[in-house]
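Please keep the sequence and the coordinates open while reading.

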Amino acid sequence: MFRYLLSCWLLLVVSTAWGQAPAVSADAAKPAPKRELQAVRISTAPKLDGLLDEAVWQTAPIATKFYELEPTPGRPEKHPTEVRVLYDDAAIYVGAIMHDVAQDSILRELSARDNIGNSDWFGVMLDTYNDHLNGYEFILTSGGVQFDARISPTNGEDESWDAVWDSRTALRGTDWVAEIRIPYSAIRFSKAMEQVWGINFVRQRRSTRQKFFWNEVKPQVDGFVNQWGTLTGIRDIKPPLRLSLTPYVSTYVNHYPYNKQGKQNSSTSFNGGADVKWGINESFTLDATLVPDFGQVQSDNQVLNLSPFEVQFNENRGFFTEGTELFNKGGLFYSRRVGATPIGFGEVNGQLRKGEREPDGRWHPGEFVVENPGVTRLLNATKVSGRTSKGLGVGIFNALSNNVYAIVQDSASGARRDVLTQPFANYNIVVLDQSLKNNSYVSLINTNVTRAGSTYDANVTGGLFRFANKKNSYAIDGRVVYSNRRGKEFNRDTEIDDQNGYKYQLSFGKISGNFTWNVDHGIESHTYNPNDLGLLFANNSISQSVNASYNIYKPFWKVNKLSTYGGLNYSLLEQPRRYQDAGVYAGANTIFAKSFLFVRLNLDASPLTRDYFDPRREPIGKYYVRKPATFGFNGNFSSDYRKKFALDVGYGARFFAADGDRTGRNNFDLNLGPRYRASNQLSFVYQVGYNVRRNQIGYAGSLRGNNALDAPLLLAFGGPQGDVLLGRRDVTTITNTATAIYTFTNRMSLNIRLRHYVSNVHYRDFSRLHPDGVETQEPTYQRNRDNTFNAFNVDAVYAWWFAPGSQVSIVWKNASASFFEANAATPLYFDNLSNTINTPHNNNVSVKVLYFLDYLALRPRRG
């Protein structure tokens, strides 16, 4: 199987390279010459109206003759784009005219901010320190919708970054016009008397799906910012005092049908706070959120988790997604740790006073939980970040959370007491990132969590580097990370057992050209643990891999471009040194020329592997679950989004070899995503996923001594840390998500999202897992461990940007979840849907108002 997959990939590469594929020029992997544009100083700012009819616009040199990147790299544009740049003491102004065939060739779908949609668009990109690594991106659609992002080697295009800038668009005959004002307070630059910035302009003609750049960008060249041109002529400007305050007020009405005497079903709250931005100097900015309110963020996609690892949720809180490119270096920061579920959340029941019988025979009831907060409320969070003119990036993050308590009550007396579930904590990150020549860098990252009281603290320090040669054709990357934890486990007298750990990774490869390759080697020690402020699913690994790709960027045959890839990987446990898994994979993706149908296919295979983590036993290495040799394929295709109706399809299947008398193990996945654009203002998206795992072997749950069916097995297995109960099961999961979006204007939108998730687990039989992967059947075990999990959410969001940086948002959230076990579990979808509807729902309506106050606009004007 390994040879077959590798042969398929090599045959594909050879046939495309020597068959109908276009010849590759020797200069294809060399960056295009840098073009230069001069900005013109003005004394009177132009009026933002999208007309460009002021005389000052005619005094500026024109940037034109753009080059195509997609679908045919290097081809000059047919319909010219003309761009001019002006500046004064307060801002830089960009005016662009996009010539076209006719107005109906200019697509203009309206969408929410930071969502381009089915629209033509124009963008300006600035590398204000000219370090060829980091940049700003400001994009404006033909419908006037703004999109902005930060660009960095770490995050690529970071769309979560939002700046306050102004813009207008207009249609003029067969052209459309973009006029953009970027205040200096939105960007950072040095105090140099004469500024030299990297710059590029980009245009998309959506009707032909062509993307053009003023300074040619070659897909064969590694990097993006390093392929921009140069902006000159900007002199005698000073970084302004960047000081802004965005206060907010919010109010919430919450309803949950407790229907219990003495407990109200409804509650209200009123909140206030502010975000502060202060430019400490020309390079560094302080961002702080005081008494933050994240109650309006999109609901998490709850799932049934059968794995030994936690579920990774997306970060939806703006403060933790905006401008975090430095803090994400090395992957050591998982922002959901800040304000996460308290570390003692699941231990409250174990601290309750149980019911007991008095000497006189009377029964004295125990305590019950009245309230157990599932999130940690932050007191504040602060970021300081920036980059000096010498290319040194500095980032400092700090957040504070207060004590969190659960409230428990005595059933007899009614007396209440607090149970600490999360002590006062300080979260801190420091990052130093030095940009070097040739798209290279060195970085140092430190994360630290300090908790009050006797529980443990955690510290992680990492060093990263990337060195590329002068031609930017080969690079070596590496990282070394050390984790340190000190103290006792929360609410226990036992010391933390993974006090010191390390990780290192080293890779080398060819990074530019049509053919690229990479070799990688890394170790994560069995005591490496960055999870107090980071996210690591499993440590204790020695891994190595080899991968390669061959890409054709110019259209040939019936496709626009073709990407192929393949590789091998192999891993061992770090301690004890035992085989873990191996695999081989190959795949390709392409876009067809006329239909713009995107297609991707991936194949992979692996021999018998060992899962040391699913048994949930320490130390790792004694127990493991055998996974038979397997072969799988997966992929997806998407139709042309320019059409009113489009369809996304994801598919996959996996087949396992027979494991003794266990046969018929397989996985199937099908995901459908039809979408319909009713008009330029109204669109609908529906997604349904159907996932089946047949005859899956896995951990069936812990055995309980107080259960009559579990107790004999628990004794025979040698106690809670002895042998493991495995189950052969079928898992069926269905997810339905429907989204409707109505955009009133380019600053006002309504978004409604509904999600229903149901996962059902049915156990066929059970076995006993002995050390070294040996399994024996347990036909006498009769406990019904079937279960079903339902989750339902509605998120309805009305947002109105009534002024730059200022917003009114009204949000309605409806949420419910249910978990059924044993005979209550049902595999029938409509029964689960009925259970979801009849389960008590939490309803929450909130109104939040943000108002952006800029010191430069508020300060008294002289003269």
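With which residue does Asp604 form a salt bridge, and how far apart are the closest N and O atoms? The partner is Arg654, and the closest N and O atoms are 3.0 Å apart. This pair links distant parts of the chain, with Asp604 in strand S34 (residues 598–606) and Arg654 in strand S38 (residues 645–656), 50 residues apart. The model is predicted.

**Salt bridges**

- The count of salt bridges in the model comes to 43.
- Asp604, the residue in the opening question, counts as buried because its relative accessibility is 15%, and the cut-off for buried is under 20%.
- Arg235 pairs with Glu194 in a salt bridge, with 3.1 Å between the closest N and O atoms.
- That pair also links distant parts of the chain: Arg235 belongs to strand S14 (residues 229–235) and Glu194 to strand S12 (residues 194–205), 41 residues apart.
- Arg235 is partly exposed, at a relative accessible area of 35%, and Glu194 is partly exposed as well, at 42%.
- A salt bridge of 2.4 Å, N to O, joins the side chains of Asp710 and Arg783.
- Asp710 and Arg783 are both buried.

- An open sheet is formed by five strands in the order S2-S4-S5-S11-S10, with mixed pairing.
- Strand S2 (40–41) and strand S10 (166–172) stand at the edges; each has a single partner strand, so one side of each is left without a neighbour in the sheet.
- The pairing of S10 with strand S11 (residues 175–183) is antiparallel and runs over seven bridges.
- Ser167 lies in strand S10, and its bridge partner in S11 is Ile180.
- Is Ser167 buried or exposed? Ser167 counts as buried, at 3% relative accessibility.
- The side chain of Ser167 makes a polar contact of 3.0 Å with the side chain of Gln146.
- Beyond its neighbours within four places in sequence, Ser167 is in contact with Leu48, Leu140, Gln146, Glu179, Ile180 and Arg747.

**Strand S41 and its partners**

- Of the 22 residues of strand S41 (residues 724–745), 16 are buried, so the strand is largely enclosed by the rest of the structure.
- S41 pairs with S40 in the antiparallel sense over 16 bridges, and Val692 has Thr732 in S41 as its bridge partner.
- S41 also pairs with strand S42 (residues 748–769), in the antiparallel sense and over 21 bridges.
- In this second pairing, Ala740 stands opposite Ile752 in S42.
- A hairpin is formed by S41 and S42, with two residues between them.
- In general terms, strands of a sheet pair through backbone hydrogen bonds, either parallel or antiparallel.

- Arg466 is part of strand S27 (residues 457–468).
- Arg466 counts as buried, since its relative accessibility is 12%.
- What does the side chain of Arg466 reach at 2.6 Å? The side chain of Arg466 reaches the backbone oxygen of Asn439 at that distance.
- Not counting residues up to four places away in sequence, Arg466 touches Asp222, Asn439, Ser440, Tyr441, Ala475, Ile476, Asp477 and Ile511.
- Ser435 is 31 residues away from Arg466 in sequence, and the C-alpha to C-alpha distance between Arg466 and Ser435 is 9.7 Å.

**Annotated region**

- UniProt, in an unreviewed entry, lists residues 49–220 as "domain: Carbohydrate-binding".
- In the model, residues 49–220 are 2% helix and 44% strand, and the end C-alpha atoms of this span lie 39 Å apart.

Note on methods. Residues are numbered from 1 along each chain as its sequence is written. This is a predicted model: local features need pLDDT of at least 70, side-chain atom pairs count only at pLDDT 80 or more; totals for chains, interfaces and linings use all residues. Side-chain values use heavy atoms; hydrogens and water are left out. Helices (H or I, at least four residues) and strands (E, at least two) are DSSP runs, numbered from the N terminus. Buried means under 20% relative accessible area, exposed over 50%, partly exposed in between (1.4 Å probe, protein chains only). Contact means heavy atoms within 4.5 Å. A polar contact is a pair of N or O atoms within 3.5 Å; within protein, one must be able to donate a hydrogen and the other to accept it, and residues adjacent in sequence count only if both atoms are side-chain atoms. Two strands pair if DSSP finds at least two bridges between them. A salt bridge is a side-chain nitrogen of Lys or Arg within 4 Å of a carboxyl oxygen of Asp or Glu. UniProt positions are given in the numbering used here, feature names are shortened, and annotations may be inferred rather than shown by experiment.
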